[in-house]
Amino acid sequence: MELMGDRARFDTASCPAVHDVDETTRKAAEQGDRAAQSKFGVALLRDGELEGAEAMLRSAALAGDRAAANNLGVLLQQRGNTAEAAEWWRTAAVAGSAAAAHALGRHHRERGDEPAADYWLRQAAESGHLLGAYALADLLDHRGEAGAEEWFRAAAERGHREAAYRVGVLLLNSRRGKAGAGAGSAPGGARDRREAEAERWFRQAAARGHRLAALRLGTLLEERGDLREAGRWYLIAANDGEPRAACALGFLLRDAGNEEAAEQWWRTAAEAGDGNAANALGALCADRGQLQAAERWYHAALDAGDPNGAFNLGLLCAGQGRTAQAESWYRRAAYAGHIEAANALAVLLLQRGDAQSAEPWFSKAAEGGSVDGAFNLGILYAGRRDQRAAEDWYARAAAAGHPEAALQVAVTMLNAGDAAGAEEQLRRAAEGGSVEGAFRLADMLEREDPELEARSGPDTIGFGGGRDVLGAASRARAGRAFGRAVGSGAGAPGAETGAGDGAEGRVDGDGEALESGSAPPAEVPEYERWYRSAAERGHRRAQVRLGMCEAGRGDVVEAAHWYRTAAEAGSSHGAFNLGLLLAREGAEPEAAIWWERAADAGHGRAALRLALLAARRGELTEGRHWCERAQDLGPAEVAGRAERLWEALRTGLSA
């Protein structure tokens with residue numbers, strides 16, 4: 001059996017070649033001396049004289065020589081007479097030949113008689129037979145029985161390189177957990193010790209030319225961050241013909257910036273049948289715009305049995321607008337068990353309005369471990385107003401690290417009044433890359449800042465209409481998450497979250513942004529760091545809030561930068577606050593331009609500002625227009641002031 005690694009061998013200890021056999025031994029053999037016949041028979045075997053060898057060995061075996069019986073069995077096996085070979089092995093094994101017990105055990109295993117194989121291999125192993133120890137360990141490992149590691153170790157300690165490799169594999173499997181046991185099933189220290197021991201065994205096997213051990217060793221070293229030595233072992237294994245090592249080496253080189261060398265190793269691996277390397281070449285060609293070449297390599301990956309090839313073909317077709325072909329490839333990959341293909345197929349079906357067909361594929365993806373599938377399934381249930389099911393899938397996706405799902409869990413906790421739990425989930429969302437999560441975390445932390453009320457004053461207008469708005473806003477944003485087949489689901493950067501934007505700025509009764517004039521704090525508050533994180537990734541509301549933080553420190557230039565950035569991206573609040581800064585600096589005409597942009601976007605305070613400007617210039621018709629606009633836009637306090645302003649203008653006009 002190929003799996004067992006070592007075939008039955010001739011017992012040739014202390015047996016010379018024919019030309020080295022002395023005359024005395026020859027004569028003794030011819031005269032029927034069994035020891036001489038056994039020795040001379042092996043010498044004939046070495047010279048390829050099989051007929052003469054069989055005659056000598058058979059004669060010695062019949063006379064009771066156990067080494068001859070074993071060697072006769074091996075010879076008969078090689079000539080295809082396995083039944084008689086087994087009988088001679090049994091004779092030798094009963095007489096105490098460990099080599100024959102090993103050969104007989106292998107014979108029984110090859111025929112499916114595992115109990116008999118276990119008996120004879122154990123006899124060989126317990127007699128100190130190296131190959132018997134390895135074969136017994138292999139049988140026990142195959143059957144999932146205890147003792148495999150012990151016997152692999154016994155063989156490995158005597159120099160058996162395959163056994164050394166298998167010990168390392170068993171140690172890693174016990175570290176990571178087998179058959180559904182989690183990786184955390186053993187304490188961290190124990191896992192580290194077993195990994196270190198596995199590394200030692202892999203090194204021993206790799207040093208003796210075991211290419212799979214070199215590959216495993218390279219993988220361990222790469223996981224540990226020792227990329228240089230990992231690359232060395234990958235190179236050794238790749239040069240020895242291991243395509244997976246060539247593929248892994250390609251990824252190391254790609255990550256190091258050497259794309260040309262990476263391509264060469266991927267091509268070597270792909271041409272040797274490695275599907276992962278073929279997929280890597282396909283992605284490389286796709287990035288270069290070489291779509292036909294990419295398609296060829298994805299087909300090669302699929303032909304190598306890698307379902308990622310079908311998934312990538314689906315992505316390629318979808319990117320070209322070939323929806324029917326994309327669906328076909330997604331289905332093929334999904335039926336092969338590719339969970340992200342199942343999610344992508346569900347997204348495709350949902351985009352064309354077939355929610356009923358999409359649901360089972362989302363479920364297949366989610367239950368198979370797709371974080372995006374679980375998140376999208378949550379959105380699907382939320383759209384059906386099945387909030388309990390939606391929350392369950394959001395929670396599962398959040399626990400698996402999906403940042404937008406963590407944001408949705410935070411929404412639920414806020415609505416339930418669990419501020420502490422919501423803050424924890426918002427941190428997960430923000431730290432996982434959610435732009436909206438970073439903004440919402442900053443908003444929550446700022447609200448909790450004990451100095452906020454002192455800075456803002458009694459007339460401060462809230463940030464978005466209260467905490468209950470977070471749920472509706474986030475749900476509206478999450479509804480736009482469909483359409484991403486894969487990825488983190490971070491959403492469109494800079495999106496303002498629907499109703500409840502309210503007045504962005506902290507403003508006093510006259511609509512002016514407050515500037516405390518205090519000295520810069522010794523340390524930037526945490527909420528400001530999160531505002532900056534979101535702002536730098538295009539979140540308009542975060543850009544306005546960050547501008548307010550800068551203005552509060554008196555840094556007008558930096559505040560203007562963020563207000564302008566938000567305004568140019570379409571934020572009415574950014575435009576309004578930028579206008580306030582410009583007016584303070586004496587650039588009232590430019591301020592009016594930004595206020596008009598804000599007012600046209602529905603900002604009532606900007607309309608009121610324009611009405612005041614018109615009144616000061618005596619442009620009563622324009623003043624009336626902006627007063628009416630401010631009354632329409634609100635809020636109530638602004639509408640009241642606009643109404644009083646128009647009354648004053650009309651009274652002045654009548655007088």
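**Labels and the values behind them**

Tutor: In this predicted model, a search of the whole structure finds zero disulfides.

Student: What makes a pair of cysteines a disulfide?
Tutor: Their sulfur atoms must be within 2.5 Å, and the search of the whole structure returned zero such cases.

Student: Why does Cys285 count as buried?
Tutor: The cut-off for buried is under 20% relative accessible area, and Cys285 has 5% relative accessibility, so the label applies. Cys317, at 1% relative accessibility, therefore counts as buried too.

Student: Why is helix H30 described as largely enclosed by the rest of the structure?
Tutor: Because 13 of the 13 residues of H30 are buried.

Student: How do you know what span to expect for H30, and what does the model give?
Tutor: One takes 1.5 Å times one less than the number of residues; for the 13 residues of H30 (540-552) the expected value is 18 Å, and the reach from first C-alpha to last, 18 Å, is close to it. After H30 comes Gly554, with a positive phi near 85 degrees.

Student: What polar atom does the side chain of Asp274 have at 3.2 Å?
Tutor: The backbone nitrogen of Asn276 lies 3.2 Å from a polar atom of that side chain, and the limit for a polar contact is 3.5 Å.

Note on methods. Residues are numbered from 1 along each chain as its sequence is written. This is a predicted model: local features need pLDDT of at least 70, side-chain atom pairs count only at pLDDT 80 or more; totals for chains, interfaces and linings use all residues. Side-chain values use heavy atoms; hydrogens and water are left out. Buried means under 20% relative accessible area, exposed over 50%, partly exposed in between (1.4 Å probe, protein chains only). Helices (H or I, at least four residues) and strands (E, at least two) are DSSP runs, numbered from the N terminus. A polar contact is a pair of N or O atoms within 3.5 Å; within protein, one must be able to donate a hydrogen and the other to accept it, and residues adjacent in sequence count only if both atoms are side-chain atoms.
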